[in-house]
Amino acid sequence: MKAPLLSIVAGCGVWAAVLLPGYTEAAIATGLNNPTAFAVAPDGRVFVAEQGGALRVVSAAGGLLSTPVLDLAVDSAGERGLIGIALDPDFAANQYVYLYHTVPGAAGIAPHNRVTRYTLNGNTVVSGSETLVQNLEPLGATNHNGGALRFGPDGKLYVAVGENAVPLNSQDLSNRLGKILRLNPDGSTPSDNPFVGTTGASPQIWALGLRNPYQFAFDALTGRVFINDVGSNQFEEINVGGAGRNYGWPGTEGHFNPASFPAFTNPLHAYDRSGGCAITGGAFSVSNEYFFADFCNGTIRRLDLSNNSVTAFASGIPFGLVDIAFSETGDLYYLFRGTGTLVGSLYLIDFPGAAEEVPEPGPAVLSALGLAALLLRLRRR
Ligand SMILES: [Ca+2]
């Protein structure tokens, strides 16, 4: 990262993550109030969702803008609230941002999660641009909402939905709880979804058998998708996404004998409570690795996808690590929710060496324009 260009927040070095030799970190923004998720724009801005409903902007130069883009009225009880964000693959042109948020209950209406699209104009929202994408099921419990939104390389909007603390929802195709949904960006259902035509099934379902898929990530280089499913009292899972796959909750948790559960797909990696308590953010590097974070023990680890071995990458981050993603320059952001006297913050871990000159492609695919820019940039070196 080009450190001199960044406005590093002074006086907030309240912890120092333990990093591998050669790696350094810096606070890019502090003062966030219970942040839950973030998205990196092609221009280097970072949009951060706060649970209470505000969408905040971290400028490309670093530093949190004082005025939110918008401030939604949400139900933020328990794990509800503004808990997911995605930028349109064509964000630079259309300025579309998609948010996953809990609509408060009202007379005759139970609280429920909703995906809404807004159009931005700079760091403000275009008045009247609010567009409903999808309303989800009425909620009972306040926990297990999922919330992550991602665009796939197919241009579809994938939505992670928790089982709302009713485990049997995850195996029930008649509702969308405990599933990954696949939608057209306008909320309509793609005709090639796996359960289109299955009697009694919601055609929006793409994968099932998940408990609380808080975050998931697409690999921009290969198109594969990994789903991080928060476990109950046994294992945190990284599952390889696939149309129609069933990841087994609540029948199984963690690895199992396939002969016993032939309908289920084993996780690629699972770890027990000695390795943390809740898997949160995941991000693919350009080097065939998958980085993943744990909420409770403040670690970011990396899964080497050439041999599925896991090694430590960062530790010593306080309780409350909620999301990670690579910057456009191939460095790694992590989002800390805040706990006690420690305020919510966005940090950036600088990757040394040549890797920092290789941009991590955007959330969907490396566009022709992006490829041209990359080639131009490499040529200039
Ligand atoms: Ca599972």
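Modeller: Happy to! The largest nonpolar core has 92 residues, where a nonpolar core is a set of buried Ala, Val, Leu, Ile, Met, Phe, Trp, Tyr and Cys residues joined through C-beta atoms within 7 Å. Buried here asks for 20 or more other C-beta atoms within 10 Å of a residue's own, with 12 or fewer making it exposed, anything in between partly exposed, and C-beta atoms placed from the backbone. Please keep in mind that this is a predicted model: local features need pLDDT of at least 70, side-chain atom pairs count only at pLDDT 80 or more, and totals for chains, interfaces and linings use all residues. Residue numbers start from 1 along each chain as its sequence is written.

Those with the most contacts inside the core are Phe38, Phe47, Ile85, Val159, Tyr333, Tyr334 and Leu346. Take Phe38: setting aside neighbours within four places in sequence, its contacts are Val46, Phe47, Val48, Ala49, Ile85, Asp323, Ala325, Tyr333, Leu335 and Leu346. A contact means that two C-beta atoms, placed from the backbone, lie within 7 Å.

Now to the sheet. Four strands make an open sheet, ordered β2-β26-β25-β24, with antiparallel pairing. Its edge strands, each pairing on one side only, are β2 (24-32) and β24 (321-326). Neighbouring strands are turned by 20° against each other on average, direction ignored; the axes behind such angles are lines fitted to C-alpha atoms (for helices over the stretch in contact), and angles run from 0 to 180 degrees between N-to-C directions. Strands are DSSP runs of E with at least two residues, helices are runs of H or I with at least four, and both are numbered from the N terminus. Two strands pair if DSSP finds at least two bridges between them.

Inside that sheet, β25 (residues 332-336) and β26 (residues 344-350) run antiparallel and are joined by 5 bridges. Leu335 has Leu346 as its bridge partner in β26, and both of these leucines are among the contacts of Phe38.

A few backbone details elsewhere may interest you too. His144, in the loop between β11 (131-138) and β12 (149-151), has a positive phi near 60° without being a glycine. His144 counts as buried because 26 other C-beta atoms lie within 10 Å. Asn164 also has a positive phi, about 60°, and is not a glycine; it is found in the loop between β13 (157-161) and β14 (179-183). Finally, Trp249 and Pro250 are joined by a cis peptide bond, with omega about 5°.
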